[in-house]
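Here is a friendly briefing to read alongside the model. Please have the viewer open as you go through the topics.

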Amino acid sequence: MSLVGRLIIDLDAIVANWRALDALTAPHVETAAVIKADAYGCGATQVGTALTKAGARTFFVALPDEGASLRENLGPDPKIYILAGYPIPEPHSHPSATQSPLPVGGRLREGALSARHFYATHTLRPILNSAVQAAAWFRDAPEGPCAIQLDTGMNRLGMELAEFTSLGSLPASVRLIMSHLACADAPAHPQNPAQLAEFTRLTKPISDLPRSLAATAGILLDADYHFDLTRVGIGLYGGWPFTAGRPAVTVHLPIIQIRDVAPGESVGYGATWTAHRPSRIATLSSGYADGLIRALGGNATGYIGSQPAPFVGRVSMDLITLDVTDCPTAQPGTLVEILGPHQTIDDLAAAASTIGHEILTSLGTRYQRRYTGA
Ligand SMILES: *Cc1c(COP(=O)(O)O)cnc(C)c1O
């Protein structure tokens, strides 16, 4: 009997979702894949490889280190954009600081490459989010392909009008102009047309350059938001709002012990749940360290076949307790569905008052992981 939860990632579903999202836009619109944070926890190498085989040519990741390992695994062809941009000198440090080793993932890259060499070696394209980033990149890599991000209302990353115009005429190495929508998952939100209008206004003088505004939710708004390239992330996994997508992730946890609990006895840390009837409590082998976050305690449901079994008590670091009183077939070794046909990432997210993105990226590395398809 296994003591380890099972995570299955369906690469065919991910490819099908990418194709379905691609089919929602006009043929000239490229569908790029956002596979930051290890492809939302699903494995950037596996997801990137499957999508490359299916025809994806452009990927976005958050950080240079993610880009470097993607480059090593996908080979020279795909374009890889770095959402965080290009490192600039640290405040109060010597102006040559960008030539010092590039810190990646909390450590210095082996070989002590400068930022410039790091991006060149792995052929990474920064998304220049500020005039300072742009100046550093144009100085370090005058020919290096890059993108520019404009802020159109989210106030997170990107240049506003004054900063953008301070760049003057753009070098030919700028290959994409992009911005990001703050409210695209709320189609009626007035900020959507406002950001669309602002993006159109800011990019009017350079409308010959490819433009990108839409992530998954933006694709579903309307063709006006599609421009030349879309950036799909959560939709690859059938996450909301791409509810027409195929779920790509299943999680099953084995029951490692079942016990009988008498009325009046409590279960788990803080004794937050008390039995009101003679109950059978199953203990499952994953917890909040495996992305089944603590807020799920008392709110979520596991499924034994199609039989629901409520989470009771608090979620521990490595364990979860379920009330299986009404599931007579449950026994040690039985696999309980946490994500699968009966429960999507969005169902689980709702039980924890969060979003599917957070559920996926939290799943972690302790599952027995298997890939199917592609
Ligand atoms: C994460 C991200 C995306 C992908 O968003 P989804 O909602 O997961 O499709 C697209 N663009 C930018 C700038 C992002 O940060």
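**Helix 3 and helix 4**

In this predicted model, the axes of helix 3 (residues 44–54) and helix 4 (residues 64–74) come within 10 Å and cross at roughly 50°. Axes here are lines fitted to C-alpha atoms, for helices over the stretch in contact, with angles running from 0 to 180 degrees between N-to-C directions. Helix 3 is therefore oblique to helix 4; angles under 35 degrees count as roughly parallel, over 145 as roughly antiparallel, 65 to 115 as roughly perpendicular and the rest as oblique.

- The crossing of helix 3 and helix 4 is right-handed, a term used if the near helix is turned clockwise from the far one by less than a right angle, with anticlockwise giving left-handed.
- On the helix 3 side, Ala 44, Thr 45, Gly 48, Thr 49 and Thr 52 meet Leu 70, Asn 73 and Leu 74 of helix 4, where contact means heavy atoms within 4.5 Å.
- The residues of this contact divide into three nonpolar, five polar and no charged. Ala, Val, Leu, Ile, Met, Phe, Trp, Tyr, Cys and Pro count as nonpolar, Asp, Glu, Lys and Arg as charged, and the others, Gly among them, as polar.

**How to read the values**

- Residues are numbered from 1 along each chain as its sequence is written, and side-chain values use heavy atoms, leaving out hydrogens and water.
- Local features need pLDDT of at least 70 and side-chain atom pairs count only at pLDDT 80 or more, while totals for chains, interfaces and linings use all residues.

**The chain as a whole**

- The chain has eleven helices and 20 strands; these are DSSP runs numbered from the N terminus, with helices being H or I of at least four residues and strands E of at least two.
- Along the principal axes, the C-alpha atoms fill a box of roughly 75 × 45 × 40 Å.
- Of the 374 residues, 49% are buried (buried means under 20% relative accessible area, exposed over 50%, partly exposed in between, with a 1.4 Å probe and protein chains only).
- Among contacts between residues at least 6 apart in sequence, 66% join residues at least 24 apart.

- Helix 6 (residues 131–140) has Ala 131, Gln 133, Ala 134, Ala 136, Trp 137 and Asp 140 as its buried residues.
- Those buried residues pack against helix 5 (115–121), strand 7 (125–128), strand 8 (146–149) and helix 7 (161–166).
- Leu 181 sits in the loop between strand 9 (174–178) and helix 8 (191–203), and counts as buried at 8% relative accessibility.
- Not counting residues up to four places away in sequence, Leu 181 touches Met 154, Asn 192, Gln 195, Leu 213, Gly 218, Leu 221 and Tyr 225.

**Backbone points worth a look**

- Most residues other than glycine have a negative phi, and most peptide bonds are trans.
- From Trp 240 to Pro 241 the peptide bond is cis, with omega near 10°; Pro 241 lies in the loop between strand 11 (229–232) and strand 12 (249–261).
- Ser 353, not a glycine, has a positive phi of about 55°. Ser 353 belongs to the loop between helix 10 (345–351) and helix 11 (356–362) and is exposed, with a relative accessible area of 70%.
- Ala 374 also has a positive phi, near 45°. Ala 374 lies in the segment after strand 20 (368–372) and is exposed at a relative accessible area of 59%.
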